[in-house]
Structures are given as structure tokens and as C-alpha cells.
Amino acid sequence: MNEIRQSQYQVPKNPISLMGRVYKHILPEVRKELDGWRRNAGMIPDPELRKQALASIETKQFHCEGGGIYAAVPLPDRLVLVKLIVAYQTISDYLDNLCDRSTSMDQGDFRLLHQSMLDATDPEAEPVNYYALRQEQNDGGYLNSLVTTCQGCIRELPGYSAAMPYIRDLAGLYTDLQVYKHIKPELREQALLEWWELHRERTPHLKWNEFAAATGSTLGVFMLFLAASDRHLSDAAAASIHASYFPHVCCLHIMLDYLIDQEEDRLGGDLNFCNYYQSPEAMLDRIALLVESARKDVSSIPVPSFHRMIIEGLLAIYLSDPKVSEQQEVRSVSRRLMKGSPMTRLFFFVNSRWIRKHLYE
């Protein structure tokens, strides 16, 4: 990552400079990209596909805004990164909606849908009919357009060949998770346990639900997209980034997401990885350990202060969510995680609340 090393002085090194770039560049640029995809989604002929595409943008916009942090580094490829991150995350959110509220419970259908995420990370892949195994078919080219947008952006990243194997690894794990977590409820846990058995040597210190959570994050992919902006990116540097984000940063990200969604998932009958701890105290201990491990892992890659801010930002974004106050048990865990927080986390906590109050209402 020589280019990033050489421009370290430009990388936001403190929360104030980072949020300055977020307000000035990232939020407006991400929203401009999302506006385009919202218009496209609104023209999808099939009513169910249109409904889920629009809902995914409406309810999960903050996923793209959070991912846009990786384009906060002032590089020539910044606008390409924004476009790529938004398109890739939009595929993820759209398919999650399709599978969560699916008219199908077919494993083959879910795998074919998520082939789009694998194809999006391979500039040579030819898009196919990802809906071939489901009733709803006509999306007016929406999903294929998301895939080809990702591919076009990837072709503009000069170091992508070094990053690609590690991105493909994370995209493959993500696909597996989405397949197994969305099949018939009575089959999900056993399928996830069998899948974990195939991979448990990669993360022997994690419980099965934590490994599964780690595979559900797109943050490692986004960081590797950023790294691929460097034409001198080496295999060793890409491998180091992969190891710094997977599993702990990625696991922390998704466990926090599941933490605040517990009531919502219970009502929707959706699987939630926070439900597999013996007690709230046990869950709290494991999340606290993930925080510590994530902070340690990112110390080995360039500009560790930037990645530590991302970790603190994750905690702030999720623990400041209005869903927290609506769930007594989650509120208690949140208070304990915020207790004794460093100033960075508190700064992002206040900013997250401000953004929700003034930019979403």
C-alpha cells in the first residue's frame, strides 16, 4: 500500500477531520448515487422485486453511508470508490430483503441470487439471469446493472489483481451465510453448524455464531477496494488487510447489528446470532472481547488510527440507534459497552445522533 503510505498526511487522523470529510463529501456523494439507484428501482416492472429494491434503499441507506467512510481518504479514485461501494452494498441490501421476505425457501435460488455478488467482484464475469429459480423474474435489468457498475469501477482500480483473491474469499463466505441463514427455519441452525465445521480451523477461538457473523460483513471488502487504489499493492499487503479485518472487525460489525435488531428479528421470525449466548452478560463479554481484538488487529496495517476510528464509529452508530432505547435488555448492554468509552467513541456517538435527527427526519 505504498501510495496510501505516501499520502498518510492526507488520511483523516482524528474524528473531527474524518467527520468533516463525511459531511462535505461522503454523505452528499453516497446520496447522489443512491438517488440514481432509487430511480432505477422505481422502474422495476415486477411489483415484488420493485417493492424490495425500494425498501432496501429506504431502510438501509445508512449501510452505504457507513461504507462510504472508506472513500474518505483523498485519492484520485475516491469517486470511483464511492460508486463501487454504493453499488456493491446495494446488491447486498437488496438481496437480503429478497431473501428475508422471500416467496421462496429454495437454497438454489438464494445461491443463484448471490452469485451476483461474486460476479460483481470479478471484472471478467458475465452476468446471468440471477432470478432463474424464482417466480419473480423481470427487474428491468436492475440487478445486472448493479453488477456491471461494480465491474466497471473495479477495472479502474490499478491494484485490484492483488486484492481480488481476498475479496473473493470474503464474498464467497458472505454468499454461503446468506444461503444457509435464509432457508427454512427448522433447517437453518444445522446447515450453519455443518458449514462452520468446514471452516472452524480458520477461527478456532470463535463460537459458530460469531464465525457466521464475521462472514456477514462487507467492511473487509470495502477496505480491500480502498487498498486496490494503490497500483503497487502486493499480495502480502492484501493478505495483511484481510487478516486485520476478518474475523474480528467484521464480526464486531455484524454482532452489533444483530444486537439492536433482536426484537425486530423475533417478530419477523429471522435468525439472530445474539440469541445463542447463555445470558446478556456472556454476550457482553464476547462483544467486549471482539472490540479489544479488532483494535489489536488493525494496529498491523497502515494508518491504524483511521481503522480504530472506524471501530469506535461502529460502536457509536449502532449503540446510538433508536432501537436500543426500545429494548430494555439491549439498552442495558449498550450502557455497559459505552461505560468508560474513549472520547473518540463519544464524539461519534453524538454525531450519529445528530445525523439521525437532522438528516433522516
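Which residues of helix 11 (residues 235-245) are buried? In this predicted model, the buried residues of helix 11 are Ala-237, Ala-238, Ile-241, His-242, Ser-244 and Tyr-245. Seen down the axis of helix 11, these buried residues fall within an arc of 165°, so they line one face of the helix. Their packing partners are helix 7 (160-182), helix 10 (219-227), helix 12 (248-260), helix 14 (280-297) and helix 15 (304-319).

One of these residues, Tyr-245, also belongs to the largest nonpolar core, which has 127 residues, and there Tyr-70, Phe-225, Tyr-245, Phe-273 and Phe-306 touch the most other members. Helix 4 (residues 78-100) gives the largest share of this core, with 13 residues. Leaving aside residues up to four places away in sequence, Phe-306 touches Val-11, Pro-12, Leu-18, Ile-69, Tyr-70, Val-73 and Leu-226.

Helix 7, one of the partners of helix 11, also packs with helix 8 (residues 185-199), at an angle of about 155° and with the two axes 7 Å apart. Because angles over 145 degrees count as roughly antiparallel, helix 7 is roughly antiparallel to helix 8. By class, the contact of helix 7 with helix 8 has 6 nonpolar, 2 polar and 3 charged residues. The table names the residues that meet.

| Helix | Residues in the contact |
|---|---|
| Helix 7 | Leu-173, Asp-176, Leu-177, Tyr-180, Lys-181 and His-182 |
| Helix 8 | Arg-188, Ala-191, Leu-192, Trp-195 and His-199 |

Key
Residues numbered from 1 in each chain as written. Predicted model: local features only at pLDDT ≥ 70, side-chain atom pairs only at ≥ 80, totals over all residues. Heavy atoms only, no water. Buried < 20%, exposed > 50% of the residue type's maximum accessible area, 1.4 Å probe, protein only. Helix = DSSP H or I, 4+ residues; strand = E, 2+ residues; numbered from the N terminus. Arc of directions from axis to C-beta. Contact = heavy atoms within 4.5 Å. Core = buried A, V, L, I, M, F, W, Y, C linked by side-chain atoms within 4.5 Å. Axes fitted to C-alpha atoms, helices over the stretch in contact; angles between N-to-C directions. Parallel < 35°, antiparallel > 145°, perpendicular 65-115°, else oblique. Nonpolar A, V, L, I, M, F, W, Y, C, P; charged D, E, K, R; others polar.
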